[in-house]
Amino acid sequence: MINFEFANRVSDLHGSAIRAAFKALSRPGMISLAGGMPDPKTYPNRELSEIAARILAEKGVTALQYGITEGYAPLLEKTRARLKNAGIGNDKDSLIITSGGQQAIELVTKSLINEGDGVACENPSFIGALNAFRSYGARLYSVTVEEDGMDIEALDKTLSQNKNIKFIYTIPTFQNPSGITMSLDKRKRLLAVAKKHDVFILEDSPYWELRFAGENVPSIKSMDEDNRVLYVGSYSKTVSPGLRVGFLLGNEDLVEKAVVCKQVSDVHTSVLPQMMIDEFLSKYDIDERIKASAAINGKKCAFMHECMDRYFPDSVSRTHPEGGLFLWCDLGGDADSSAFAAACLDKNVAIVPGASAMPDPTQKTSAFRLNFSMASEAEIETGIKALGEIIKGYGR
Ligand SMILES: Cc1ncc(COP(=O)(O)O)c(C=O)c1O
């Protein structure tokens, strides 16, 4: 038996509860309200299989050869144009393709964080990003997410008290896990606070196009006058998560360093998936498809709420997202949502306990995340009914 110790940077890292729940999902009759993917019925399987076959037949050498680290040029051009349409990015911003938005987050962290440097994070936040920060030895400073987004006054105070903070991490639109969207006023104040303390903002926005109600709120990046917002996007929630294509847009010098870091990580994002997305954007109206897929999510979200009206006691609070894939429930009191999630798994329903979304992993929470895009309406009803019975059992 080999004796070894993990590096300090990663010794306290734990796999996400979502990935752990994935393992249980193969059990017969299991209902998943845990995943973070769009409804698999909306994936463009047929279109992508034709596209892949054509690329390999006609441009096989390009697809199977090494590519450039910054990304496949035609896809970069189309991504830049799509971002420009949304008012995102200017001449001083560089754009690169990454292996999912996850890698963009990691590359920013790798480029900026020394051990002991700080990141101001929303509480709750996205486990993949929190773990990326932790894996480089960052100290996480938690800022509460209110009904209209991050508590900006608390953020200002946190930044005043902790000069080691290098950037603020936010998911302003249809936040993972809460489903909450930051108001326009708070976005403006967030920019002002970042400027006052001279730190970067890492704006992570893989869900913003999946709106099914309400009005669009401009991205923070679209209001960024001094290139302090690093913008992360992804084709995971709009085309396919398995293709692993995302992007990073921002400050030229930072992105140049991220390119070198990416060479160390994976040389470049696989060329074939980049070409597939590029062709998909050329041949199909992606915006129409996104709208259709968001409408399905919206219907399911409303149905999940109807089921919760029927089966949950009033004491359970919940968010009402206008898009994205998740909503956030709170059992209240001193309930522990990790024990609750384990009880749900015993009844064949997978949910994500809130603990994994806490910047402080020792923080106990009574909150949990539900995904409304993956399960069918029949599964949603069965699942929510089962959760309701477990919750009512707690009251007895
Ligand atoms: C907020 C957020 N950012 C980034 C990602 C990473 O997505 P991907 O790497 O698939 O683009 C996810 C995935 O769930 C997410 O929820």
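Helices (H or I, at least four residues) and strands (E, at least two) are taken as DSSP runs, numbered from the N terminus. The structure is a predicted model, in which local features need pLDDT of at least 70 and side-chain atom pairs count only at pLDDT 80 or more, whereas totals for chains, interfaces and linings use all residues. Residues are numbered from 1 along each chain as its sequence is written, and side-chain values use heavy atoms, with hydrogens and water left out.

Glu-50 and Arg-46 are four residues apart in helix 3 (residues 45-58) and are therefore separated by about one helical turn. Their side chains form a salt bridge with an N to O distance of 3.6 Å, the term denoting a side-chain nitrogen of Lys or Arg within 4 Å of a carboxyl oxygen of Asp or Glu. By this rule, 27 salt bridges are counted.

The chain is divided into domain 1 (14-43 + 287-395) and domain 2 (45-283), with bounds that come from an automatic or database domain assignment. The centres of the two domains, taken over C-alpha atoms, are separated by 25 Å. The contact (heavy atoms within 4.5 Å) takes 33 residues from domain 1 and 35 residues from domain 2. The size of an interface is often given as the accessible area lost when the parts come together. Between domain 1 and domain 2 the buried area is about 2600 Å², with 61% given by carbon and sulfur atoms; this quantity is the accessible area (1.4 Å probe) that two parts lose on being put together, summed over both.

Three salt bridges are found across the interface of domain 1 and domain 2. Arg-211 and Glu-322 are joined by a salt bridge between their side chains, at 2.9 Å from N to O. On the side of domain 1 that touches domain 2, helix 12 (286-311) and strand 11 (326-330) each supply at least two residues; helix 12 gives the most, with eight residues. By class, that side has 17 nonpolar, eleven polar and five charged residues, where Ala, Val, Leu, Ile, Met, Phe, Trp, Tyr, Cys and Pro count as nonpolar, Asp, Glu, Lys and Arg as charged, and the others, Gly among them, as polar.

An open sheet of eight strands shows mixed pairing in the order 2-9-8-7-6-3-4-5, two strands being paired if DSSP finds at least two bridges between them. Strand 2 (93-98) and strand 5 (149-150) form the edges, each pairing on one side only. Six bridges link strand 3 (residues 118-123) to strand 4 (residues 139-146) in the parallel sense, and Ala-120 stands opposite Tyr-141 in strand 4. An open sheet of four strands, ordered 10-11-14-13, has antiparallel pairing. Strand 13 and strand 14 (residues 367-371) run antiparallel and are joined by two bridges; Pro-353 has Phe-368 in strand 14 as its bridge partner.

Most residues other than glycine have a negative phi, and most peptide bonds are trans. A cis peptide bond, with omega about 10 degrees, joins Asn-123 and Pro-124; Pro-124 lies in the loop between strand 3 and helix 7 (127-135). The bond from Asn-176 to Pro-177 is also cis, with omega near 15 degrees. Asn-227, in the loop between strand 7 (200-204) and strand 8 (229-234), has a positive phi near 50 degrees.
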